[in-house]
Amino acid sequence: MLGYYDYLVASTYPNPDQTQMLKVAPNPAVDTFRFEFQGLNSNATLMIFDMGGRLVCEQPWRKGENQLQWDATTAPAGHYQAVLVVNKKRLASIGIIKGD
């Protein structure tokens, strides 16, 4: 099983001129995070890692969908990294904070 740090080392960043970004609101949040990404041209996976690099959530994100939610009510408070993966490569990522 790959962890967050594997994706840091083994993946490539998007083109510098690419204007698409992974967004999240609210951030910080206590229970639900809403992610947004425009222009997803193929199926993807949203992976959420804790700061220890452990995968805490993995959700499919279908081609053409602009939003996805993560119900974080059972996750402990702390910092997390959300990574959008397409074809086993990191397309985008963002840090999130889960409050109490």
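What is the order of the four strands in the open sheet, and is the pairing parallel or antiparallel?

1. A word before the answer: this is a predicted model. The open sheet has the strand order 4-3-6-7, and the pairing is antiparallel. Strand 4 and strand 7 (89-98) sit at the edges, each pairing on one side only. From one strand to the next, the twist averages 20°.

2. Have a look at where strand 6 (residues 78-86) meets strand 7. These two run antiparallel and are joined by nine bridges.

3. The Q59 side chain reaches the backbone oxygen of Q69 at 3.1 Å. Leaving aside residues up to four places away in sequence, Q59 touches A44, T45, L46, L68, Q69 and W70.

4. W70 turns up again among the aromatics. There are three aromatic pairs in the structure. One of them is F33 with W70, a stacked pair at 5.6 Å centre to centre with 20° between the planes. F33 belongs to strand 2 (residues 32-36) and W70 to strand 5 (residues 67-71), so this pair ties together parts that are 37 residues apart in sequence.

5. Are F33 and W70 buried or exposed? Both are buried.

Terms used:
Residues are numbered from 1 along each chain as its sequence is written. This is a predicted model: local features need pLDDT of at least 70, side-chain atom pairs count only at pLDDT 80 or more; totals for chains, interfaces and linings use all residues. Side-chain values use heavy atoms; hydrogens and water are left out. Rings of Phe, Tyr and Trp (its six-membered ring) pair if their centres lie within 6.5 Å; planes under 30 degrees apart count as stacked, over 60 as edge-to-face and the rest as tilted. Buried means under 20% relative accessible area, exposed over 50%, partly exposed in between (1.4 Å probe, protein chains only). A polar contact is a pair of N or O atoms within 3.5 Å; within protein, one must be able to donate a hydrogen and the other to accept it, and residues adjacent in sequence count only if both atoms are side-chain atoms. Contact means heavy atoms within 4.5 Å. Two strands pair if DSSP finds at least two bridges between them. Axes are lines fitted to C-alpha atoms, for helices over the stretch in contact, and angles run from 0 to 180 degrees between N-to-C directions.
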